[in-house]
Amino acid sequence: MPEFERVTRIAAAAAQTYELRLYVAGQTPKSVLALANLRQICEEHLQGRYEIEVIDLVENPQLAQGDQILALPTLVRRLPEPIKKIIGDLSNTERVLVGLDLRVRA
Amino acid sequence: MAARRELPKTLTGIRGFDEVTRGGLPTGRPTLVCGGPGSGKTLFALTFLVNGALQFEEPGVLLTFEENAEEMASDVASLGFDLPELVAAKKLAVDYVRVERAEIEETGEYDLEGLFVRLAYAIRTVGAKRVVLDTIESLFAGLKNDGILRSELRRLFSWLKDQGVTAVITGERGEGLLTRQGLEEYISDAVILLDHRVHDQVSTRRLRVVKYRGSHHGTNEYPFLIDAEGISVLPVSSLALQHHAPLERVSSGVPQLDGMFGGKGYYRGSTILVSGAAGTGKTSLAAHFLDAACRRGERCLCFLFEESPQQLLRNMRSIGVDLEPWVTAGLLQFHADRPSRYGLETHLATMQNVVTAFRPTVTVIDPVTNLMTVGTSADVQAMLTRIIDHLKTENVTAMLASLTPGEYAVERTENISSLMDTWIILANEEVGGRHRRGLYVLKSRGMAHSNELREFVLTDAGLQVLDASGDPPARSRLEFVPERLVEHAGV
C-alpha cells in the first residue's frame with residue numbers, strides 16, 4: 001500500500017470508534033493474557049473510543065465460522081473498515097498497533 | 001496367543017477399493033490420500049463422504065480449504081452428488097475455511113483451537129462418523145508460524161482419533177515427499193497414493209496403498225477410473241484362480257460347430273478366442289453366438305473396437321442373422337469405442353463397469369487385438385487377465401475375436417492364448433480359383449472336440465460348416481492342413 005494512503009487512513013481511523021472482538025476458547029492462559037494486553041493497549045491508544053466484545057467459542061461454537069476463525073486467540077477489528085485480524089496473545093504491542101492501523105509499520 | 005485380528009474397517013462404497021483393502025479404510029482413524037493436481041483426491045474423499053451418508057447411514061463433515069468451493073460443488077454435482085441436499089437433510093455438514101494471509105497479523109503465541117471448535121461443532125451438528133479435510137496443507141500458505149502449525153496438525157490428527165471418526169485427509173504431492181508438508185509423518189495409519197500419468201497422449205490413473213497399519217493390503221498399483229459414474233478401482237480379482245468350472249454347455253449358434261464340440265457347444269463361463277485374418281468370418285461366428293444366446297433369453301454385451309453397431313447389424317443381416325430385434329428388446333447391448341481414445345486400463349475398467357451394470361451372460365469383444373495397440377505386451381496381458389478373470393468370476397461366457405495380420409500368423413494373440421479355454425482358428429484360402437473358408441478347433445479345454453479342419457460357407461441363411469467328408473460331394477477337399485495352422489500358432 002502506498003505510504004501516503006496508509007498515513008491518510010491512519011489519520012482517518014484516529015478519529016473513529018473501534019469495534020473490537022476478541023475470540024477465545026475458555027479461560028486459557030493465552031486468552032487471559034490476550035485480553036489483558038488488549039485492554040492495556042486500548043487504554044493507552046484508544047481511550048474513550050473503543051468497544052471490546054469477548055466471544056468464547058466454547059459457549060458459542062457456531063460463531064467461529066462467520067468470522068473465519070481458526071487460530072485462537074483472534075482479535076477482529078470490525079470497525080473501522082476494512083476488517084483486520086490479529087492472531088496470538090497480543091504480547092507484541094508494536095505489531096498489534098500496526099495491525100490495528102494505529103502505527104505505520106517500521 | 002490368538003492370531004492378531006484385523007482392525008475394524010469402514011466401507012468407502014468406492015467400487016473396487018473396498019476389495020483391494022479388504023473392507024475399506026481403518027475405522028476411527030485418519031487416512032492420508034495424496035496425489036498431484038487432478039489426480040482425483042478430492043473426488044475420492046467426497047465419494048467416501050457421500051456414500052457414507054447415502055449408503056451406510058454414516059453422516060459426514062467436509063472441512064474444505066479449497067478456494068473454489070463452489071466450483072467443487074458443481075463438479076461433484078455432475079456425478080450426481082447433491083451436496084446442498086445432503087446438507088439440508090442433515091446428513092452432511094460443510095464448512096468452507098478461508099485464510100487470507102494479507103489480512104492477518106501474527107503477534108505472540110496462538111493455537112488452532114478455532115479449527116477444532118469448528119470441526120467439533122460440525123461433527124456434533126450431524127452426528128458425523130466420517131470427516132474429510134481437503135486440503136489442510138493450504139493452511140501453510142495462510143499462516144506464517146510453521147512450528148505452531150505442525151504441532152497443531154499433530155494434535156488435530158490425534159484428536160480426530162479420539163473423536164472416533166473415520167477421516168480422509170487429502171494432501172498435494174510434493175518434491176521427494178508424498179505430500180508437500182510431509183503430512184505422512186503425522187498420519188501413520190493408512191496412506192493412499194493416487195497417480196495420474198499421461199503417456200503417448202493416453203491418460204492413465206493408478207492407485208496404490210502405500211501403507212495400511214495392521215491390515216493386509218495389495219501392494220500393487222491398481223488402475224482406477226473417473227467416469228460419469230464416479231470413481232472406481234480395478235482390482236486384480238480372483239488371484240487364487242477359484243472360478244467355478246460349470247459343466248453347463250451353451251450353443252455356439254451353429255449346429256455343426258456344436259457338433260465339433262461333442263454336440264453341445266462351449267462351456268458356460270469359458271473364454272473363447274476366435275482368431276483369423278480380416279474377412280475370415282470372426283464377426284459372423286460371434287453374431288451367431290450372440291443370436292443363439294438372445295434366443296435363449298440371455299443378456300449379451302458386445303464391445304466393438306472397429307465397426308459401428310450399425311455396420312455390424314447391416315453386415316450380419318446379409319448372412320441372415322438379424323440382431324436388431326434383440327437390441328430393441330434390451331437383451332443385446334453394443335459398446336463401440338475407438339481403441340486410441342483411452343489407455344488400456346481405462347478401456348478395461350470401462351468394460352468392467354459396463355459388465356457389472358448390465359450383468360450379461362455372454363460378452364463379445366471384437367476385435368480384442370485392437371486394444372493391444374494401446375499398451376505394451378506385458379500391460380496387455382496383465383489387463384486382459386484382469387478382464388477375463390472378472391468375466392469368469394461373473395460366469396460370463398466370453399468370445400474374443402482376434403485379428404491376425406497374415407493368413408496364418410497368430411503371434412499377436414500368443415500372449416493371451418494361454419488364458420483361453422477354447423481357441424478357434426479361421427482361415428481363407430484360394431483353392432482352384434475358389435475362395436474357401438476353413439475352421440479349426442485348436443484347443444478346447446476339458447472336452448472332446450474335433451481335430452479336423454472343416455470348411456464352412458457364409459450363406460444368406462447364416463454360417464454353415466460343411467461335412468468333414470467333403471459332402472456335398474461337389475466340393476473338393478480343402479488343401480490347407482491343420483498342422484500348418486498349429487505350427488504357426490507356436491503350440
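**First stop: a sheet in chain B**

Start by selecting the nine strands of chain B that make up an open sheet with mixed pairing, in the order β17-β16-β18-β19-β15-β20-β21-β22-β23. Strands here are DSSP runs of E with at least two residues, helices are runs of H or I with at least four, and both are numbered from the N terminus. Two strands pair if DSSP finds at least two bridges between them.

Now colour β17 (332-336) and β23 (462-465) of chain B: these are the edge strands, each with a single partner, so one side of each has no neighbour in the sheet. On average, neighbouring strands of this sheet are turned by 20° against each other, direction ignored.

Before going on, a word on what you're looking at. This is a predicted model, where local features need pLDDT of at least 70 and side-chain atom pairs count only at pLDDT 80 or more, while totals for chains, interfaces and linings use all residues. Residues are numbered from 1 along each chain as its sequence is written, and chains are lettered from A and ligands numbered from 1 in the order in which they are written.

Next, pick β15 (residues 271-276) and β19 (residues 397-403) of chain B, which run parallel and are joined by six bridges. Zoom in on B:Ser275 and you'll find B:Ser402 of β19(B) opposite.

**Second stop: a sheet with strands from A and B**

Select the five strands β2(A)-β1(A)-β3(A)-β4(A)-β6(B), listed in their order in another open, mixed sheet. Strand β4 (residues 84-87) of chain A runs parallel to β6(B), with three bridges joining them. Look for A:Lys85, opposite B:Ile104 in β6(B).

**Last stop: B:Ala93**

Click on B:Ala93, in strand β5 (residues 92-96) of chain B. Is B:Ala93 buried or exposed? B:Ala93 is buried, with 23 other C-beta atoms within 10 Å (20 or more count as buried, 12 or fewer as exposed, in between as partly exposed, with C-beta atoms placed from the backbone). Beyond four places in sequence, its contacts include B:Val61, B:Val87 and B:Ala122.

Methods:
Two residues are in contact if their C-beta atoms, placed from the backbone, lie within 7 Å. Axes are lines fitted to C-alpha atoms, for helices over the stretch in contact, and angles run from 0 to 180 degrees between N-to-C directions.
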